[in-house]
Amino acid sequence: MEKLDLDKSETELLAHAITHWEREGYIDGGVADTLRRSYQVKGFDWMRLAKYSFWVALICGAIAFGWLIVDDSVINYIKKLYDTPNIVISILSGTTATGLFYWSRRLKRVSPEKVFSNEAVVFMAILLTANSIAYLGKTFDNGSGHFSLLFLLSVFVYGILAWNMNSRMIWLFALVSLGSWFGSETGYQTHWGNYFFGMNYPLRFVIFGLVLVVACAALRYRKWFSQFGELTYVIGMLYLFVSLWMLSLFGNYGSLNQWWLVKQITLFYWGIITAVIYSGFLIFGLKRNDVVAREFGITFLIILIYTKYFEYFWENTNKSVFFAVLAVSFWIVGRKAEKIWNVNSSKQKK
């Protein structure tokens with residue numbers, strides 16, 4: 001009989017489950033021993049190595065590609081060598097991206113087990129799509145500086161591609177493009193001023209992230225949205241929580257020059273508001289068994305506590321006292337979480 005290969009954490013979980021089943025009488029000793037002999041700890045995780053290798057390669061490629069786009073000296077050098085019109089570069093990039101998208105679809109159909117190789121092809125196609133849109137913008141640039149329209153075009157292009165190819169990676173870039181459009185469009189509408197309807201950039205993105213999160217809650221039961229719902233929820237939470245953290249640092253000041261003139265203690269209420277929102281999501285995640293809300297809540301609450309400690313108390317507070325208070329605080333949170341878990345377990349048993 002071929003044994004099932006599992007990593008160490010999986011084998012520990014399965015061993016614990018088999019012991020529990022045997023102790024509770026769900027299975028007898030013979031079945032338990034048979035189950036224990038049916039799996040083994042696998043050797044080196046080559047799949048994980050492949051995953052990380054592909055991601056490192058893609059990140060390095062993205063950095064190199066980004067540097068190529070923003071470095072004027074490189075662009076000018078290429079223009080001197082080839083003197084290629086922007087529209088030609090856009091068409092060539094778009095054509096190559098289209099070919100790569102079709103190739104990736106074929107690879108998924110022929111070799112679905114090569115997950116990371118297929119995703120790498122999709123990633124290259126995404127970069128070339130971005131390059132095509134960027135050079136299309138250069139072609140029709142009239143000097144208005146309204147480049148946010150390119151991000152908006154990217155949202156529709158990536159959204160349609162993600163829908164047709166059922167690709168979460170492409171949908172991720174659609175969401176990133178949506179955030180980029182929102183930030184650049186609000187800047188353009190204010191002539192790149194510090195405030196948009198009285199809001200600086202962190203506060204604007206708090207609203208933006210909140211809208212995404214609410215939209216996910218409203219569409220969670222729609223079948224057509226199910227394939228991208230979780231990813232959209234995570235990205236919306238990321239926009240919201242990072243923006244709240246920045247808001248707790250800078251307040252609603254629109255420039256660093258204004259911010260430097262005020263004492264950090266005068267912004268304490270932004271920290272309180274942020275802590276309340278983080279705690280609210282944490283409690284919501286614990287009560288509703290929402291893993292995303294729970295993990296975001298506890299992670300960013302810890303980040304906020306450490307941030308505020310280094311801002312206000314590092315020089316004047318006894319370190320032992322601070323960490324003792326921190327330990328007690330999280331012990332209380334742990335006790336509350338344990339209580340909720342026990343209540344849920346009791347309900348499941350009934």
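Colleague: How many salt bridges does the structure hold?
Modeller: The structure holds 3 of them, where a salt bridge is a side-chain nitrogen of Lys or Arg within 4 Å of a carboxyl oxygen of Asp or Glu. This is a predicted model, so to speak of local features we need pLDDT of at least 70, side-chain atom pairs count only at pLDDT 80 or more, and totals for chains, interfaces and linings use all residues. Residues are numbered from 1 along each chain as its sequence is written, and side-chain values use heavy atoms, with hydrogens and water left out.

Colleague: OK, which side chain does glutamate 22 meet in a salt bridge?
Modeller: Glutamate 22 pairs with the side chain of arginine 36, at 2.9 Å from N to O. Glutamate 22 is in helix 1 (residues 8-24) and arginine 36 is in helix 2 (residues 29-36), so this pair ties together parts 14 residues apart in sequence. By helix I mean a DSSP run of H or I, at least four residues long, and by strand a run of E, at least two, numbered from the N terminus.

Colleague: And what else does arginine 36 form a salt bridge with?
Modeller: Aspartate 33, with the closest N and O atoms 3.3 Å apart. Put together, Glu22, Asp33 and Arg36 are linked in a network of salt bridges.

Colleague: How does glutamate 22 count for accessibility?
Modeller: Glutamate 22 counts as partly exposed, at 31% relative accessibility. Buried is under 20% relative accessible area, exposed is over 50%, and partly exposed is in between (1.4 Å probe, protein chains only). Arginine 36 is partly exposed at 29%, and aspartate 33 is partly exposed at 38%.

Colleague: Which residue does arginine 294 meet in a salt bridge?
Modeller: The partner is glutamate 295, at 3.4 Å from N to O. Arginine 294 is partly exposed at 22% relative accessibility, and glutamate 295 is partly exposed at 38%.

Colleague: Switching topic: how many helices and strands are in the chain?
Modeller: There are 14 helices and 2 strands. The chain has 350 residues, and buried ones make up 34% of them. Of the contacts in the chain with a separation of 6 or more, 63% come from residues 24 or more positions apart. Contact here means heavy atoms within 4.5 Å.

Colleague: At what angle do helix 7 and helix 8 cross?
Modeller: Roughly 160 degrees, with the axes of helix 7 (residues 148-165) and helix 8 (residues 168-189) coming within 8 Å. The axes are lines fitted to C-alpha atoms over the stretch in contact, and angles run from 0 to 180 degrees between N-to-C directions.

Colleague: Roughly parallel or roughly antiparallel, then?
Modeller: Helix 7 and helix 8 are roughly antiparallel to each other. The cut-offs are under 35 degrees for roughly parallel, over 145 for roughly antiparallel, 65 to 115 for roughly perpendicular, and oblique for the rest.

Colleague: Which residues in helix 7 and helix 8 meet?
Modeller: Among them, Phe151, Leu152, Val155 and Tyr158 are on the helix 7 side, and Trp171, Phe173, Leu178 and Trp181 are on the helix 8 side. The residues of this contact divide into 13 nonpolar, 6 polar and 1 charged.

Colleague: Where does serine 243 lie?
Modeller: Serine 243 lies in helix 10 (residues 226-250) and is buried at 7% relative accessibility. Not counting residues up to four places away in sequence, serine 243 touches Pro202, Phe205 and Val206.

Colleague: Last one: what is the phi of tryptophan 192?
Modeller: Positive, about 60 degrees, although tryptophan 192 is not a glycine. Tryptophan 192 is in the loop between helix 8 and helix 9 (201-219), and is partly exposed at 44%. Phenylalanine 197 lies in the loop between helix 8 and helix 9, with a positive phi near 55 degrees. Phenylalanine 197 is exposed, with a relative accessible area of 74%.

Notes. Nonpolar A, V, L, I, M, F, W, Y, C, P; charged D, E, K, R; others polar.
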